[in-house]
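My notes follow in the order I made them.

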Amino acid sequence: MGSEAKVVGLMADSGVPQKIAESVAGTLKRELADRIEDVEWNVDVSTESFSLTPEGDIPFMYKAEDLRSRYEWDYIVYLTELPRYHDTDPLLCEVSTSNRALLVSVPALGAHRLVAQTRDLVVALIYSTREGTGRNSVEDSVRSIAKLRGARGDTGQGREDTGYIVMPGWFNRLRLLMGMVRSNRPGRMLPALTTSIAAATAVGTFGVFYSSIWTLADSLHPARLFLIGLLVVAALTFWLIFRNHLWTKRRDAVYAWQGGLDNTTTVIMVGTSVGLMFLVLFAFLLALGLVVVDASQLRSEIMHPVSFFSYPKLAWLAACLGTLAGALGSNFDSDDEIRRATYSKRESERRERRERRERRDTADEAEA
């Protein structure tokens, strides 16, 4: 007697979720074959994605049955990079046994073992659905297989055939924060800061050639120089955040803690990008100083023999000056490009929809 054939369809947002889906496809077939016998498993990966609803959510569950029918899939899984919430708690996934569908919010998985955790969630959905013991068994299986501490099932508000796996507690909010940073991919803001980087490089180069900077850098203790570097990185970070309206206001957050989480993610993202810019600028200026500034000339200015730290101290202070100048250059960088580079594609889309809705509401109030 031949084995029955079953197909699992994987859909995902572009970026990190798409990479996870492609990686999961390679191991999911073997994992399912080991757990469920007498079934020939196949896994398809689709590049199709959804537009957000006016409320900023993903209408996956309402279309899951039609998608399964269209693609002739037996199970369907969607991976999104959008942070989602249910009853004030971070939402890991939605599970529908009737639709044989799973919607996973990738940021709630954290920043490590994303492929393994996603695979376990998919296996849990399929195994529990085949057992046919109901929605609560799905929640129990997902909670145990995914090994996520503090996860719990919920059958509260929403579709009657859908179960929710939420992640309560501060530890899971920290996990969500790490996942949001991972999805946003720190450092990708640098291409959007071209004018800022150009201004920082120009002023920093001037500092290397300016002999007064040599003397000042030599007179400062390394700890003080390090503190100056931290201050200028922080200054440019918060300048970029407030100038480009990246700060989530309390009235824009659904829950009070959500605004704090969004803002913490923003500070990490922008701060990491500015820190990388500073380090690249420092490396460039150090190399430039070693090539341009002769040791004998430097010695004549600082009035003592050149030490191992003389050139790094000079380059560091010049990089601090350049980073401050980068704040001026950032005025000429595109606000839209900076916002898109700060957030994941889905989060950028949700924020743009919210801003358009606010502008429309303001216009309607003005007309009234």
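I started with the surface: the chain's accessible surface is about 17600 Å², and 56% of this belongs to carbon and sulfur atoms. Those areas come from the Shrake-Rupley method with a 1.4 Å probe, and for residues only the protein chains shown count as cover.

Before going on, I noted that this is a predicted model, where local features need pLDDT of at least 70, side-chain atom pairs count only at pLDDT 80 or more, and totals for chains, interfaces and linings use all residues. Residues are numbered from 1 along each chain as its sequence is written, and side-chain values use heavy atoms, with hydrogens and water left out.

**Whole chain.** I find 13 helices and eight strands; these are DSSP runs (helices H or I, at least four residues; strands E, at least two), numbered from the N terminus. Of the 368 residues in the chain, 52% are buried. My cut-offs: buried is under 20% relative accessible area, exposed is over 50%, and partly exposed lies in between (1.4 Å probe, protein chains only). I also checked contacts (heavy atoms within 4.5 Å). Taking those between residues at least 6 apart in sequence, 76% join residues at least 24 apart.

**H6 against H7.** I looked at helix H6 (residues 194-209) and helix H7 (residues 211-219), which pack at an angle of about 80° with their axes 5 Å apart. Axes here are lines fitted to C-alpha atoms, for helices over the stretch in contact, and angles run from 0 to 180 degrees between N-to-C directions. H6 and H7 are therefore roughly perpendicular to each other, a label for 65 to 115 degrees. On the H6 side I see Gly207, Val208 and Phe209, which meet Ser211, Ile213 and Trp214 of H7. The residues of this contact divide into four nonpolar, two polar and no charged. Ala, Val, Leu, Ile, Met, Phe, Trp, Tyr, Cys and Pro count as nonpolar, Asp, Glu, Lys and Arg as charged, and the others, Gly among them, as polar.

**H11.** This helix has 20 residues and reaches 29 Å from first C-alpha to last, close to the 28 Å expected at 1.5 Å a residue. The expected span is 1.5 Å times one less than the number of residues. I count 16 of the 20 residues of H11 as buried, so H11 is largely enclosed by the rest of the structure.

**Positive phi.** Met303 sits in the loop between helix H10 (295-302) and helix H11 (310-329). Its phi is positive, about 65°, although Met303 is not a glycine. Met303 is exposed, at 69% relative accessible area. Arg100 also has a positive phi, about 50°, without being a glycine. I found Arg100 in the loop between strand S5 (89-96) and strand S6 (101-105), partly exposed at 26%.

Methods:
Angles under 35 degrees count as roughly parallel, over 145 as roughly antiparallel, 65 to 115 as roughly perpendicular and the rest as oblique.
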